[in-house]
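Open the model in your viewer and keep the selection panel at hand.

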Amino acid sequence: MRRNRGAAACAALLCLLSGCAGGTDYAQQHTVALVVKSTETEFWLSVFAGAEAAATEYNLTLSITGPDAEEDYAAQNQMVDEAVRAGAQAIVFSAIDYENNAVAIDAASRAGVKIVAIDSNVASDAVSTYIGTDNYAAGQMAAQAALDRVDGTLRVGVVNYDISSANGQERERGAREVLTASGRAEIVSVINTLAEAEYAKADTAALLREHPEINVLIAFNEPTSVGAARAVEQLGLADSVFLVGFDSNVATVDALQEGTVDALVVQNPYAMGYLGVESAYRLLSGQTGELARIVDTSTQIVDRENLFEEDSQKVLFAFDLD
């Protein structure tokens with residue numbers, strides 16, 4: 001668990017000295033819990049940095065928790081329950097399981113807690129706003145990146161993560177539709193693996209051995225992309241398999257430079273964290289008129305041609321406030 005530091009107090013003091021310019025009321029310190037899928041990957045570290053920046057700006061007490069395994073929705077539900085008991089007034093939540101996380105979120109809402117969803121939504125009417133990638137469009141983007149850069153027939157292997165995760169399934173649906181509509185692509189096989197690089201590496205290697213005809217791989221989040229890249233490298237297939245990954249990680253960015261990864265769909269996790277906590281503040285301070293039901297944080301394709309451009313560098317490298 002991480003909490004925003006003394007900077008929050010500094011922000012409050014500055015606000016008092018300046019007369020709370022702009023009419024924002026920082027006098028009451030609210031308590032917000034950020035409950036996410038994991039606390040380990042660079043994606044989530046960037047989310048935390050954005051969340052902590054917003055907590056400092058709005059003088060919030062912020063806690064951050066997530067399970068050890070990105071498939072452990074039961075642990076996530078327990079963390080939601082614990083946040084409610086600890087006095088959280090709002091929860092910013094990224095669901096591991098679209099359906100099975102709903103019971104805890106509904107219970108939190110009945111206890112009077114405001115709910116903001118980021119990154120991966122949950123099947124609950126209690127969610128006031130969703131902030132994250134348009135996952136269907138991101139899947140389309142991944143498929144189109146391969147179609148634009150690979151000639152001839154595409155024989156595609158898909159490396160997805162937990163089948164109950166809403167964002168992974170939306171990405172796959174978007175990719176399928178674009179590939180099918182192209183008339184020159186066939187999805188050979190889809191695997192769902194654990195969202196851990198070593199598991200993804202082993203499962204991707206098995207996929208490629210079983211289907212040597214695959215010439216395109218699409219991996220749908222950071223750990224599966226890292227694992228897929230390691231499998232391609234281990235099998236010596238960098239020249240024959242075009243790999244599209246998701247998110248920014250030192251390993252995948254290095255692999256992009258070296259040729260094992262060919263394109264990355266890069267999200268904006270810092271914005272998800274910042275806007276998620278900012279939205280929680282707006283809900284708690286009664287500024288509901290300023291909230292959109294859905295906020296699409298941007299995504300873009302990074303490949304070797306634009307890797308060193310300023311815009312690409314900005315989105316590739318996560319912010320970490322530690």
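The largest cavity has a volume of about 110 Å³. A cavity here is a set of points on a 1 Å grid, over the protein atoms alone, where a 1.4 Å probe fits but cannot get out; points are joined across faces, edges and corners, and the volume is the space filled by probe spheres set on them. The model is predicted, so local features need pLDDT of at least 70 and side-chain atom pairs count only at pLDDT 80 or more, while totals for chains, interfaces and linings use all residues. Residues are numbered from 1 along each chain as its sequence is written, and side-chain values use heavy atoms, without hydrogens and water.

Select F43, W44, E70, N221 and D247: of the 14 lining residues, these lie nearest the centre of the largest cavity. Lining residues have an atom within 4 Å of a point. Next, colour α2 (42-57), α6 (166-182) and α8, the elements that give two or more residues to this lining.

Helices are DSSP runs of H or I, at least four residues, numbered from the N terminus.

Finally, show side chains at the contact (heavy atoms within 4.5 Å). Among the residues that meet are A197, T204 and L208 in α7 and P223, V226 and R230 in α8.

Technical notes: 1 Å grid on protein atoms, 1.4 Å probe; cavity = no way out; pocket = protein on both sides within 12 Å on 5 of 7 lines; lining within 4 Å.
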